[in-house]
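Student: I have the coordinates loaded. Take me through them in short questions and answers.

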Amino acid sequence: MTSWTRRGAAALLAAATTSLVLAACGDDSETSSENGSGDGQVSGELTVLTPIFEGAEGKALLEEELLPQFYEQYPDVTVTVDYTDYGSLNEKLTTAVASGLVPDVMMMGVGWIEAFAENGILADLGELGITVDDLSEDFTPEILAGGVWQDDLYAIPIMLDTRFGIARKDLLAEAGFDEPPSSLEELREYAIALTERDSGGQLQRAGFDMLSMDLRQMYEVFLFAHGGSLFSEDFTEPTFNSPEGVAALQYLVDLMHEDRVEDIGFSSTDIDVHPLLNDRAAMAVGHNNLWIQLQEAAPELADQLVPFTITGSEPGMFFGGTLATVSAGSDHPEAAAALVEFLTGPEAALGANEQRGNVPARTELLDSEYVQNNPLVQFAMENLEIAQREGGVPQWLEIRGDFTPAIEAALLGEKTPQQALDDLAGEAREAMAR
């Protein structure tokens, strides 16, 4: 967000709910044109807010290739698209809620659904004929759960962003390793062996890069690998400061300070080229779209990147992503639901994922040419059953921004892992109590 604070946006979201829900419960005559044509097809003018399909290429894909297919099926529906990016999406959504001008179809991230569903902004898709049972054969349960709140379906995934281990096969071989590490103990052993410093102790190559990835998401991979969770099963209590959560953060702190496999400042999320691609790292927690950067920056390494799961008491893999929703106040809910089903369908979803280098959420797309030609996306899809998401509570959009400062405090030695996570849990409890 720009000038808005996370808490300010959360407050605005809650404050705007009453007027939105009243509007959604208004005169039913506004929806009387829903069955506009004689053949029973839905009709209406729809607005869509999307952080994907960005740029000229994305716009052409959506407006020149995909939507014409939708219009063939639903000729009495028209769609107006509002393009944004994830940096501005939350502000756009909260502004739309405050004004009462909520788009009919909104795309938002994993972990966002709970807040908007809790505040009555999203339509229950089950009431529009789309249920979890209907989709259970097309998505793994954990992926589908990202669109569920209190047992009702509010969103359908279009694409996923995943985080997992990635290693340089050639650098592993130079150190005498035939395969990526298969346990946390091996990961530590490999990282120490793969770290290179000059005679003055200056780091030349990180054995395991932790700093190129968003620290919250990087930590969550290790939290899941240690058998930990963000919240209790009933989502009433933060649990990331459990013994498992503390052990996960302590593991990262030890890699940094005891094993010295990476130095603070050696890398960051702002770098132009990922350190795996310019020999500054041998292993890392990486994003599936690293394959796109590889094609541009280091195509000669196409056969050298090898993905692996970060495995402790269980395998750890993070997923986020983009889901499609219908506004609870839409004048044309059936038409909006039809558009959501189209955009999350196999052909449209495949096109959107291919444009961004992301992971299709539909399991049937594992066999597509795009997935089979992208080893990182293929690996992610083959392991979706172990992937875990963030979020789960309506206050997640407020809580999540406090994670990075907490992880930083531990990595910098300003707080112990226990102190950092206990303080973070306290802030989370305060947010959940408001």
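Student: Glutamate 114 and arginine 389: buried or exposed?

Tutor: The scale is relative accessible area: buried is under 20%, exposed is over 50%, and partly exposed lies in between (1.4 Å probe, protein chains only). On that scale, glutamate 114 and arginine 389 fall into one class: buried.

Student: What pLDDT do local features need here?

Tutor: Residues are numbered from 1 along each chain as its sequence is written, and side-chain values use heavy atoms, leaving out hydrogens and water. This is a predicted model: totals for chains, interfaces and linings use all residues, side-chain atom pairs count only at pLDDT 80 or more, and local features need pLDDT of at least 70.

Student: Glutamate 114 and arginine 389 meet in a salt bridge; how many residues apart in sequence are the parts it ties together?

Tutor: A salt bridge puts a side-chain nitrogen of Lys or Arg within 4 Å of a carboxyl oxygen of Asp or Glu. The side chains of glutamate 114 and arginine 389 meet at 3.1 Å, N to O.

Student: Which helix holds arginine 216, the partner of glutamate 390?

Tutor: The side chains of glutamate 390 and arginine 216 form a salt bridge at 2.8 Å, N to O. Glutamate 390 lies in the loop between β14 and α16 (396-399), 174 residues from arginine 216, which is in helix α9.

Student: Lysine 415 also has a salt bridge partner; what is the relative accessibility of that partner, aspartate 423?

Tutor: The side chains of lysine 415 and aspartate 423 meet at 2.8 Å, N to O. Lysine 415 counts as partly exposed because its relative accessibility is 34%. Aspartate 423 counts as partly exposed too, because its value is 38%.

Student: Which residues do salt bridges with shared partners join into one network?

Tutor: The rule gives 17 salt bridges. Bridges that share partners make one network of Glu114, Glu142 and Arg389.

Student: How is the chain divided, and what distance separates the domain centres?

Tutor: An automatic or database domain assignment sets the bounds. Domain 1 covers 41-161 + 320-388, and domain 2 covers 163-317 + 392-433. Taken over C-alpha atoms, their centres are separated by 29 Å.

Student: Which three residues supply 33% of the area that domain 1 buries against domain 2?

Tutor: Buried area is the accessible area (1.4 Å probe) that two parts lose on being put together, summed over both. Between the domains this is about 2100 Å², with 67% from carbon and sulfur atoms. On the domain 1 side, that 33% is more than any other three residues give, and it comes from Leu376, Phe379 and Gln388.

Student: How many salt bridges cross the interface of domain 1 and domain 2?

Tutor: Contact means heavy atoms within 4.5 Å. By that cut-off, 26 residues of domain 1 touch 22 residues of domain 2. Salt bridges across the interface number zero.

Student: Aspartate 151 is not a glycine; what is its phi?

Tutor: Aspartate 151 is in the loop between β4 (148-149) and β5 (152-153). Aspartate 151 counts as exposed because its relative accessibility is 73%. Its phi is positive, near 75 degrees.

Note on methods. Helices (H or I, at least four residues) and strands (E, at least two) are DSSP runs, numbered from the N terminus.
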